[in-house]
Amino acid sequence: MATERALPNLWHATAPAAPETGPLTGELSTDVAIIGGGFTGLSAALHLAEKGVKATVVEARMIGFGGSGRNVGLVNAGMWVKPDDLVATLGTEAGNRLLNELGDGPSLVYDLVAKHGMQCEAVRNGTLHMAVGAEGLKDIRDREAQWKKRGAPVEVLSADRTHVLSGAEGFAGALLDRRAGTIQPLAYARGLARAALAAGAKIFTDTPLLAAERQGDQWRLKAGHGSLTARHIILATNAYGALVPDVPWKAHTQELTILPYFQFATNPLPEKVAARILPERQGAWDTGLVMTSFRMDQQNRMIFGSIGRLDAMAEGTHRAFAARSLRKLFPNIGDFRFEYWWDGRIGMTTNNLPAMHVLAPNVVSVSGYNGRGIAPGTVFGRALAHHVMGDASAIPLAETPITPDPWRTVKSAFYHAGAQAKHFVDRRF
C-alpha cells in the first residue's frame, strides 16, 4: 500500500477510541461486502444491518483513515454547486430530488448521533459562508436567493453581524445556513462503526481488497489474509480508491481531480479569547479563490485550513500562512502555537457533483463529494443500502459511465503548487 508522512492529527488525538476490529482471516460469506470504512461505507453497513441484511466492511487501513478522519467537520446541507446550477446540470426532477435529500442531510447525521449516543462534539447552530469583498457578497446573496425559494432557512448577514458571530475581521458579510453545523469527523465515523457493529454488521480493518472473481451470481473477494463471498458489492472509497495498488474497481478514481487540503490546530485558547471567536460555534469557510476555513473545537482550539498538501517542501509555507491568517483575522488572539497539523484529499469531479456508477454486475459506487463528505456520505450510504436491498430508485443520482479526466494529474499538481505560491505571499501586508 502507498505510504505517506505521519502527521499529528487533532481528530485522532481527541476522538473516543475506535471499536475493536482486526484483519479478516479465513473465509466468510455475507450478503453485501462494503469496500471502505468511511462515512459512506459505515452508513451503508449500519442501514443494512438494521434491516437484518448481513453486511461486511473491509477497510485497507483503519476506520476513518481517508477523508472521514481528515475532514474539516462541517456538516453542510446540499453541495458546493449553487442550487440553480445543480438543477441546470441534472434536470428539474433529478436536480430537485438531490437538493432535497442533501438539504436534509444534516438532519440525518444529527438524528443518527442522537439515536446512537455518539460522542462526537456535535453542534448544530449552522455554518457561515464568509464573503470576501463585493464579489463574495454577490455570490452568497445569489445562494441565499436560490435556497430561500426552496424554503431553506438561510440568511445573509451584514458585515457587522458577521463580525459578531465570527469574531473575524475583514469580511463583507456571511451566509448563515441554520440546517448545518459542526462535528468531530473521526469521532462520528467511529460512532457509525460502533452502531453498525451493534446492529450486527462486521467490520475488518487492515484488510485491503486484493482481487475479485465472479462465480455464478456471487463475488469472491480476496481481502487481506482472508476471502469473502458476497452477492452485492458497495464500493465506498472515493478519493482514496487507489490507495491499494492493483485494487479491483478503481477506474472511478480516474475522473477525480485530487484537491489537497490541510489544517492546523492551535493549543486551547484562553477562555476570554475563545469566547469572542465563533461564540455560537458555527464553522466557517470563505469565498476566496483559494478557500480557507476556520472553526473551534470543544477544547477551544482554533482549527484553520486551506488548499495545499503538507509535504516536506510546502509545510513551512502553509504553516506561516496559517499563523499570519489567524493574526489578521483575529487581532486579539494573542500568543498561540500549532499543536496539530494534517492534510487530506478532496475528490473533485468535472461538474463538481457526485457520480453513481455500476462498475460490474452488482457492484455499485458513489464518489466525488467535492468537499462535502459528511452529510452526503451519510445520505448516499443509506441510499446505497436501500439500492442493494432492491429499491432501484433509492440513489438520488442517475447511473453514468465513468468519464476519465485526462487533465486530472495536471490539475492536482496545479492546485498544490498554486496554493503554495499564493500562501507564500498572502496576508503579509
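The model is predicted: local features need pLDDT of at least 70, side-chain atom pairs count only at pLDDT 80 or more, and totals for chains, interfaces and linings use all residues. Residues are numbered from 1 along each chain as its sequence is written, and side-chain values use heavy atoms, with hydrogens and water left out.

**The cavity**

- The whole structure holds 1 cavity of 30 Å³ or more. A cavity is a set of points, on a 1 Å grid over the protein atoms alone, where a 1.4 Å probe fits but cannot get out.
- The volume of the largest cavity is about 150 Å³. Volume here is the space filled by probe spheres set on the points, which are joined across faces, edges and corners.
- By type, the lining has 8 nonpolar, 3 polar and 4 charged residues. Asp, Glu, Lys and Arg count as charged; Ala, Val, Leu, Ile, Met, Phe, Trp, Tyr, Cys and Pro as nonpolar; the others, Gly among them, as polar.
- β4 (127-131), α6 (133-148) and β6 (173-177) supply at least two lining residues each. Helices (H or I, at least four residues) and strands (E, at least two) are DSSP runs, numbered from the N terminus.

**Residue N362**

- N362 sits in the loop between β17 (355-360) and β18 (363-367).
- With a relative accessible area of 27%, N362 is partly exposed. Buried means under 20%, exposed over 50%, and partly exposed in between (1.4 Å probe, protein chains only).
- Leaving aside residues up to four places away in sequence, N362 touches R214, D217, W219, R231, H232 and I233. Contact means heavy atoms within 4.5 Å.
- The N362 side chain reaches the backbone oxygen of R231 at 3.3 Å.

**Aromatic pairs**

- The whole structure has 12 aromatic pairs. Rings of Phe, Tyr and Trp (its six-membered ring) pair if their centres lie within 6.5 Å; planes under 30 degrees apart are stacked, over 60 edge-to-face, the rest tilted.
- W11 and W342 pair edge-to-face, at 5.7 Å centre to centre and 70° between the planes. W11 lies in helix α1 (residues 10-14) and W342 in strand β16 (residues 338-348), so the pair ties together parts 331 residues apart in sequence. Both W11 and W342 are buried.
- The F414 and Y415 rings have centres 6.3 Å apart and planes at 55°, so this pair is tilted. F414 is exposed at 58% relative accessibility, and Y415 is partly exposed at 31%.
- Ring pairs also link F262, F264, F336 and F338 into a cluster.

Definitions and conventions
On a 1 Å grid over the protein atoms alone, a cavity is a set of points where a 1.4 Å probe fits but cannot get out, and a pocket is an open set with protein on both sides within 12 Å along at least five of seven lines; lining residues have an atom within 4 Å of a point. A polar contact is a pair of N or O atoms within 3.5 Å; within protein, one must be able to donate a hydrogen and the other to accept it, and residues adjacent in sequence count only if both atoms are side-chain atoms.
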